[in-house]
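Q: Could you take me through this structure slowly, feature by feature, giving the general idea before the particular case?

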Amino acid sequence: MFTLNFLIRRLAQGVVIIFLVSFLIFTLLRVVPGDPVRLMAGGMAPEALIEKIAKDMGLRDPIIVQFGRYMGSVVRGDLGQSFVRPANGASTGGSSFNDSTRGERAEVLTLILEALPMTLQLAAMTLAISLVFSAIIGIAGGLYPGRWPDKVAFYISSIFISLPNFWLGIVLALLFSVKLGWLPAIGYNGFAYTILPAIVLAVEMSPVLIRTLVGSVSSQMTEAYVSVGRVRGLGRTRIIANHVLRNASVPLFNLLGIQFSSLLGGVIIVEYIFDYPGLGLLTINAVLQRDFPLIQGIAIVTSAIFVLINIVVDLVATSIDPRLEY
Amino acid sequence: MALLELRNVTVALGRSDTAKVILEDVSLSLAPKEIVGVVGASASGKTVLSRTAVNWLDPPLVRRSGSVLFEGRDIYGMKETEMRGLRQRISYVGANPMGAMDPTLPVGAQIVEKMRAVMPDVSRRQAQERVIELLAAVRIPSASSRFHDYPSQFSGGMMQRALIVDALVTNPAVLVADNVTQPLDVTVAAQVIRLIKELTDQFNTAVLFISSSLPMVREASTRTLVIDRGRIVEEQATEALVARPSHPYTRELVSQTPKIWRGTETLPALPEDREVVLSLRDASQTYRVKKRSGLGGVNLVRAVRNVTFDVRRGDSFAIVGESGCGKSTLMRLLSRLELPSSGQILCEGKDIATLRGRDLLDFRARLQLVLQDPFGSLPPRTSIGRMLEEPLRTHGWRDREKLRARVLKVMGEVGLAAELYNELPLGLSAGQRQRVNVARALVLEPSILIMDETLSALDQAEQFKLLDLFQKLQQEYNLTYIFISHDLAMVRKVCNRVAVMYLGEVFELAGNERLFFDPGHPYTMALLSAMPTLEDKRYKPEDCLLEGEPPSPLSIPTGCSFKSRCPRAMEVCNGVQPVLTVRHEHDFAACHLVKAEIPLIEDSVEGASA
Ligand SMILES: Nc1ncnc2c1ncn2[C@@H]1O[C@H](COP(=O)(O)OP(=O)(O)O)[C@@H](O)[C@H]1O
Ligand code: SF4
Ligand SMILES: [Mg+2]
């Protein structure tokens, strides 16, 4: 019963958040310099034509009117059409200003739905690698505070945190792909192409996970239930596996919800470096091309994912620890 | 043959020769089905002794010499796995029930886990059935649904009982109980002791009952050992020990145990027409708590309900009751940390809710709080002198010489040496810390002091010294005290007037002698019967001891809120809420049994104190 209440409340909050994010992005896009119509129509197009196209597209209406119109179609599931991308794929530079056959522009939703699974696959891979790695290093560190596993955890996380992701991406690509030829690096042509970018992202994520785990495991080990557990007749392994790790995972889940947003930044850079056709690459291109509807659509989709992930994380955390309030 | 035997055990803090010795040459033995008591002051080594007995010494504690034999075998000579197997037969319950289990798993599941860890042959079903059976045996209400509740949903008393189930679930031969009743209210403590005795009978378990309270040990055990600074100084059959203590330390322990009905000095009588300094008129406090279910719904917690009484200048006024009865909420109302949701609190005739500016500052100086925890409440990096100057500075004192002189004077009055002026509070004992707290309240020359469980963390001897100090200060400065306490023995010794609270309501308001010799409310009588004493009780637990715990303040029963536990409940108690009724000129009780002559109506404040 509370789960249902919780879901309704959080989804309602989520809708508000998404709405605000869209409005913010929408406004920002329209006040920053750079006229998308000029880019679409090309540098040579006459001023009057540009004005006409812009008027036809509604780009000269007050922002609030434009936003209302936009949200109106969004709730009907229509994220609009890209300014620059034709439906058939490759993006156009838009030199042919007299070619304004708008029906051929790609649907934003289609573009996003093509890129999203790629990024989700990358994210899942990243999560798997970083969780397994951080769990091994972090739990060992937390169980032996002050001893060598703790120091190892500390050094690893210090080193990882100081590696810039673009540098690491390039080095790994050179090493594993160019030099050793073990893993493919550029573009996407099968699952193996996810591995290198995922490693780079995992390296970026792990330090915080490791430090959180070391801290939460070692503080759980000093709780009374651990030492009392021994006298109650529970073995050390059982206490750690059934109780300490369970309690220590709560801060980890909460952290994952927050980490997601910083991971987003990493995804953009890593996808760009590896030319990985996910949401990050789509975003960069959309920004470079002033493709307002696409940027807008990506913002809505990512903030929706952000809201969903945080709901899931809170559900998991509260189902582990009943004392947490929804 | 002894079941459990400690032979000349010495335990120290570390291996070096200079390490502090905590237990010195301790020997004791426990026969099957026997309950043996160990009594001693705090820091005498009781906890270390109980841990030694169950092979649970963590560094820096080291067993230097001696052995602990269980059925003749040295438990310190065993392998880890063998010892873990023995945990089925040797159980332990400690003084801190709240931290003892994983907070994220249901209590029942954890007891089942423990049972199956030491008895792998038991199936999950069998284990679950046995746990529910035992939870019911220790009188946890609706055991089969409580089985699925989490530790945070249990009260301290219920958790302690759950841990007793946890200890007994494997049918152990020995149970080591270290100060198990210490965190509990007297009523619950009495239930727990009764339970332990029944269970030894039922399950043939021998118990090592360790406690800092001699009356508690007397209730529980047949033979008692006295421990003083790590040494066993005396051992006798319990009744003989109480009647004829032979070691000087035991004599001291016996003589320091407070007396309730026999041989107490009567407090000097105070004239009835003293000025009223604090007056509660129908004061209530209701908290709104967010519901866990429902969209944004709130529950109303009625923590204090329609409390009316007067405190007169020079009173030592006690507010007593079990934990959760609203004592601390009342303290916050009296000290204006919170304003009542309805009703008024008058200080020297003025409603404290309306005080502003200068008046408010004056009120704050006149009424001071001394809180419970002598360890948490002192800032560790501030010197004692500085700490005591602090309140003076907030009240506008600037002159360094005057500040210093005032602080030193107060330090002298509470018995703190002047040398401590520049010291940090780190090295202070619990008693000294509590004195610093008292001094901090006294520097502003208040006229009213509210003591919220101020002495409950101190041991008997230290409590006595502070109570003497309070009495001296009261005479000197004409102070008014309000003691908030669950310790009736202390109340008997120093308070001239007592309010007994239950579920936010005052059930009885009476003078000291009247309350202890002729209580007017069945609840007061139950509290008196549960008090641990060395005398014969005036009220027999068999007649009036309560079962269970107070109902939740979220759903207060209609009619008399005590009816669910009252041994005397009648038909009328279901529908009609009793009001405070005059019994004798100055004493009141809220029970239908009191033949009412003048019912105390809500707005007649005069009635409550006249
Ligand atoms: N782990 C420990 N580290 C340092 N000192 C300890 C430790 N355990 C107990 N002590 C000291 O041993 C003495 C006896 O402690 P304890 O057995 O807890 O007393 P009691 O249970 O009688 O109150 C105290 O002075 C205490 O400070
Ligand atoms: S009014 Fe009734 S239920 Fe309440 S205390 Fe008196 S006898 Fe008991
Ligand atoms: Mg102790």
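Q: Which residue is the bridge partner of B:Ser279 in β14(B)?
A: In a regular strand the side chains alternate between the two faces of the sheet. In this predicted model, B:Ser279 has B:Leu346 of β14(B) as its bridge partner. Strand β11 (residues 276-290) and strand β14 (residues 342-347), both of chain B, pair in the antiparallel sense over 5 bridges; two strands pair if DSSP finds at least two bridges between them, and strands (E, at least two residues) and helices (H or I, at least four) are DSSP runs numbered from the N terminus.

Q: What order do the strands of that open sheet in chain B have?
A: The open sheet of 4 strands runs β12-β11-β14-β15 in chain B, with antiparallel pairing. Its edge strands, β12 (298-312) and β15 (350-351), each pair on one side only.

Q: How many bridges join β9 to β10 in chain B?
A: Strand β9 (residues 223-228) and strand β10 (residues 231-237) of chain B run antiparallel and are joined by 6 bridges, and B:Leu225 stands opposite B:Glu235 of β10(B). The two strands form a hairpin with 2 residues between them, and in the turn B:Arg229 has a positive phi of about 45°.

Q: How should I read the area buried between chain B and chain A?
A: The size of an interface is often given as the accessible area lost when the parts come together. Here the buried area (accessible area, 1.4 Å probe, lost on being put together and summed over both parts) is about 2,600 Å², with carbon and sulfur atoms giving 55%. The contact (heavy atoms within 4.5 Å) takes 26 residues from chain B and 23 residues from chain A.

Q: How many salt bridges are counted between chain B and chain A?
A: With a salt bridge taken as a side-chain nitrogen of Lys or Arg within 4 Å of a carboxyl oxygen of Asp or Glu, the count is 3 salt bridges between chain B and chain A. In one of them, the side chains of B:Asp166 and A:Arg232 meet at 2.8 Å, N to O. On the side of chain B that touches chain A, helix α3 (residues 107-118) of chain B gives the most, with 6 residues.

Q: What conventions lie behind these values?
A: Residues are numbered from 1 along each chain as its sequence is written, and chains are lettered from A and ligands numbered from 1 in the order in which they are written. Side-chain values use heavy atoms, with hydrogens and water left out, while local features need pLDDT of at least 70, side-chain atom pairs count only at pLDDT 80 or more, and totals for chains, interfaces and linings use all residues.

Terms used:
Buried area = accessible area lost by both parts, 1.4 Å probe.
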